[in-house]
Amino acid sequence: FELGYYETEADPATFHVISREFGKDKSRIFWKGRVQTVDYSTFFIDEEGIPKDGQHVYHDKKYQDKLSVISGADPKTFCSYK
């Protein structure tokens with residue numbers, strides 16, 4: 001239990017890995033094994049590893065189960081400041 005193990009709701013027949021922390025099945029996107037509220041049909045991870053969909057740019061807040069929207073960020077032009 002100290003490792004945070006839990007069972008995900010993914011469909012094993014259609015699940016595949018998108019990146020280290022993201023995966024998807026036939027109808028849902030998962031981040032760290034948890035279903036996310038994103039637009040499935042437009043969701044992608046950009047070349048910098050930033051999760052986006054057609055309308056939003058997302059970031060992870062530590063110790064949260066859901067991605068958060070970066071308010072006002074345009075998914076077509078947003079990039080990180082590394």
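**View 1. Phe-30 is a buried ring, with a relative accessible area of 2%.** Here, buried means under 20% relative accessible area, exposed means over 50%, and partly exposed is in between (1.4 Å probe, protein chains only). This is a predicted model, in which local features need pLDDT of at least 70, side-chain atom pairs count only at pLDDT 80 or more, and totals for chains, interfaces and linings use all residues. Residues are numbered from 1 along each chain as its sequence is written, and side-chain values use heavy atoms, with hydrogens and water left out. Phe-30 sits in strand S3; helices (H or I, at least four residues) and strands (E, at least two) are DSSP runs, numbered from the N terminus. Setting aside residues up to four places away in sequence, Phe-30 touches a list of residues including Thr-8, Ala-10, Phe-15, Phe-22, Val-35 and Gln-36. Contact means heavy atoms within 4.5 Å. Gly-54 is 24 residues from Phe-30 along the chain, and their C-alpha atoms are separated by 17 Å.

**View 2. The structure holds 2 aromatic pairs, and Phe-15 with Phe-30 is an edge-to-face one.** Rings of Phe, Tyr and Trp (its six-membered ring) pair if their centres lie within 6.5 Å; planes under 30 degrees apart are stacked, over 60 edge-to-face, and the rest tilted. For Phe-15 and Phe-30, the figures are 5.9 Å centre to centre and 65° between the planes. Phe-15 lies in the segment before strand S1 (16-17) and Phe-30 in strand S3 (residues 29-31), so this pair ties together parts that are 15 residues apart in sequence. Phe-15 is partly exposed, at a relative accessible area of 36%.

**View 3. Phe-22 and Phe-43 form a tilted aromatic pair.** Centre to centre they are 5.6 Å apart, with 40° between the planes. The pair links distant parts of the chain: Phe-22 belongs to strand S2 (residues 22-24), while Phe-43 is in the loop between strand S4 (34-35) and strand S5 (44-45), 21 residues apart. Phe-22 is buried, with a relative accessible area of 8%. Phe-43 counts as buried too, at 11% relative accessibility.

**View 4. Asp-46 is a buried residue, with a relative accessible area of 7%.** Look for Asp-46 in the loop between S5 and strand S6 (51-52). A polar atom of the Asp-46 side chain lies 2.9 Å from the backbone nitrogen of Glu-48. Not counting residues up to four places away in sequence, Asp-46 touches Lys-52 and Phe-78.

**View 5. Asp-11 makes a side-chain polar contact with Thr-14 (3.0 Å).** A polar contact is a pair of N or O atoms within 3.5 Å; within protein, one must be able to donate a hydrogen and the other to accept it, and residues adjacent in sequence count only if both atoms are side-chain atoms. Asp-11 is found in the segment before S1. Leaving aside its neighbours within four places in sequence, Asp-11 is in contact with Asp-25, Lys-26 and Arg-28.

**View 6. The largest pocket holds about 180 Å³ of space.** On a 1 Å grid over the protein atoms alone, a pocket is an open set of points where a 1.4 Å probe fits, with protein on both sides within 12 Å along at least five of seven lines; lining residues have an atom within 4 Å of a point. Grid points are joined across faces, edges and corners, and the volume is the space filled by probe spheres set on the points. The lining has 15 residues, with Gly-49, Ile-50, Pro-51, Tyr-58 and Asp-60 nearest the centre. Strand S7 (residues 58-60) gives the most to it, with 3 residues. By class, there are 8 nonpolar, 3 polar and 4 charged residues in the lining. Ala, Val, Leu, Ile, Met, Phe, Trp, Tyr, Cys and Pro count as nonpolar, Asp, Glu, Lys and Arg as charged, and the others, Gly among them, as polar.

**View 7. Lys-32 has a positive phi, near 50°, and is not a glycine.** Most residues other than glycine have a negative phi. Lys-32 sits in the loop between S3 and S4 and is partly exposed, with a relative accessible area of 43%.

**View 8. Gly-54 lies in the loop between S6 and S7.** At 36% relative accessibility, Gly-54 is partly exposed. Pro-75 is 21 residues from Gly-54 in sequence but 6.6 Å away in space, C-alpha to C-alpha. Beyond its neighbours within four places in sequence, Gly-54 is in contact with Thr-42 and Pro-75.
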